[in-house]
Amino acid sequence: MTSTKKTYPFYFGGSASCVAAIAVHPFDLTKVRLQNTKGAANKSMFTTMLKISQNEGFFKLYAGLSASILRQATYSTVRFGVYEKLKGYVTLKTGRKANLGELLICSSIAGALGGACGNPGDVINVRMQNDGQLPITQRRNYKHAVDGIVRISREEGAVALFRGLGPNVNRAILMTSSQCVSYDVFKAILLNHTSLEDGLTLHFSSSLLAGLVATTVCSPVDVIKTRIMSAGAHDQRMSATAIMKHMLKSEGVAAFFKGWTPAFIRLGPQTIITFVVLEQFKGFYDLFNDRQQLTPAMVKL
């Protein structure tokens with residue numbers, strides 16, 4: 001008797017990521033602010049959050065929320081959707097679950113596509129979150145994500161929406177590989193080698209470990225990406241290599257891990273919420289399909 005791999009709607013991953021983005025947005029904003037702090041200053045996450053609340057108002061912690069949702073609706077929808085489709089393709093062709101190497105290939109392709117599709121939303125997201133710490137004369141004051149896209153296209157050209165594409169795609173590859181693959185691996189290990197059964201505790205534990213791995217792996221690329229995207233139209237130092245060399249020389253290796261704590265505090269809960277909500281979506285979808293299949297049978301009886 002053969003079993004077929006269940007398939008789910010392409011948008012489930014993006015929808016789950018949007019839910020998570022709303023929950024952790026203040027931490028994401030704080031991470032961006034810390035990553036844009038130049039020099040050797042080493043401010044804590046909570047100090048930065050408190051300073052934002054005092055100087056700009058509490059609700060400024062949610063600045064750029066529309067851009068964050070736009071980013072997840074594009075970036076995460078593509079990367080999760082493509083990753084699941086490619087995993088399903090491997091299973092269909094080989095008759096077994098994808099191994100680690102195959103999962104890494106699937107996640108790399110999915111991450112690259114997701115990073116490219118989500119780049120415009122990411123540029124808007126970074127700029128809106130970083131706006132509050134700029135001098136008043138330099139602030140962009142985008143009203144929302146769509147306004148940001150229109151104004152950037154008009155003032156700097158549409159090509160500016162793909163500023164930092166290289167580092168962003170690299171980060172997306174690293175994020176998808178370290179987050180999705182590690183989640184699948186940790187889930188399989190805990191399921192096969194512990195007393196945990198497939199359920200909320202398993203999903204929570206696997207996603208927490210995946211968040212830790214993803215934060216550490218992605219931190220250096222994330223910092224560089226943030227520096228590039230927040231740069232103004234007249235900033236000539238746009239090369240990722242040039243920024244890396246400048247950071248290493250003037251700020252040291254630790255600069256590549258600036259904002260690690262808020263990044264983990266953001267990415268940990270975000271990863272947990274994303275995968276737990278995603279698993280719930282899948283569970284509800286299975287339940288709905290089971291009921292749909294039972295209905296005709298009951299009618300016949």
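**Entry 1: R151.** I began with R151, which counts as buried because its relative accessibility is 18%; buried means under 20% relative accessible area, exposed means over 50%, and partly exposed is in between, all with a 1.4 Å probe and protein chains only. I noted that the model is a predicted one, in which local features need pLDDT of at least 70 and side-chain atom pairs count only at pLDDT 80 or more, while totals for chains, interfaces and linings use all residues. Residues are numbered from 1 along each chain as its sequence is written, and side-chain values use heavy atoms, with hydrogens and water left out.

I placed R151 in helix α5, residues 145–155; helices are DSSP runs of H or I with at least four residues, strands are runs of E with at least two, and both are numbered from the N terminus. Which backbone oxygen does the side chain of R151 reach? I found that of R140, at 2.6 Å, and I wrote down that a polar contact is a pair of N or O atoms within 3.5 Å, where within protein one must be able to donate a hydrogen and the other to accept it, and where residues adjacent in sequence count only if both atoms are side-chain atoms. Setting aside neighbours within four places in sequence, I listed R140, N141, Y142 and E156 as the contacts of R151, a contact being heavy atoms within 4.5 Å.

**Entry 2: N141.** I then turned to N141, one of the residues in contact with R151, and found N141 in the loop between α4 and α5. N141 counts as exposed, since its relative accessibility is 53%. Its phi is near 55 degrees, a positive value in a residue other than glycine.

**Entry 3: N119.** Is N119 buried or exposed? I read a relative accessible area of 0%, so N119 is buried, and I located this residue in helix α4. The side chain of N119 reaches the backbone oxygen of R163 at 3.3 Å and also makes a polar contact with the side chain of N168, at 2.8 Å. Beyond neighbours within four places in sequence, N119 is in contact with L161, F162, R163, G164, L165, N168 and M229.

**Entry 4: two helix pairs.** I looked at helix α1 (residues 12–35) and helix α2 (residues 45–56), whose axes come within 10 Å and cross at roughly 100 degrees; axes are lines fitted to C-alpha atoms, for helices over the stretch in contact, and angles run from 0 to 180 degrees between N-to-C directions. The two helices, α1 and α2, are therefore roughly perpendicular to each other, as angles of 65 to 115 degrees count as roughly perpendicular, those under 35 as roughly parallel, those over 145 as roughly antiparallel and the rest as oblique. On the α1 side the contact is made by P26, F27, L29, T30, R33 and L34, and on the α2 side by M45, T48, M49, I52 and E56. I sorted the contact of α1 with α2 into 7 nonpolar, 2 polar and 2 charged residues, where Ala, Val, Leu, Ile, Met, Phe, Trp, Tyr, Cys and Pro count as nonpolar, Asp, Glu, Lys and Arg as charged, and the others, Gly among them, as polar.

For α3 and α4, I found that the axes come within 8 Å and cross at roughly 170 degrees, which means that α3 is roughly antiparallel to α4. The residues of this contact divide into 16 nonpolar, 10 polar and 5 charged.

**Entry 5: nonpolar cores.** A nonpolar core is a set of buried Ala, Val, Leu, Ile, Met, Phe, Trp, Tyr and Cys residues joined through side-chain atoms within 4.5 Å. The largest one has 18 residues, of which F80, Y83, L103, C180, F275 and L278 touch the most other members. I saw that α1, α3 (65–94), α4, α6 (165–193) and α9 (260–300) each supply at least two residues of this core, and that α3 gives the most, with 5 residues. Apart from this core lies another, of 12 residues, among them V32, A67, I124 and L161.

I also checked L103, which touches Y83, K87, A98, V181 and D184 when residues up to four places away in sequence are not counted.

Entry 6: How far apart in space are L100 and S182? I read 9.4 Å, C-alpha to C-alpha, for residues that are 82 apart in sequence.

I69 is found in helix α3 and counts as partly exposed, because its relative accessibility is 29%. Leaving aside neighbours within four places in sequence, I noted C18 and I22 as contacts of I69.
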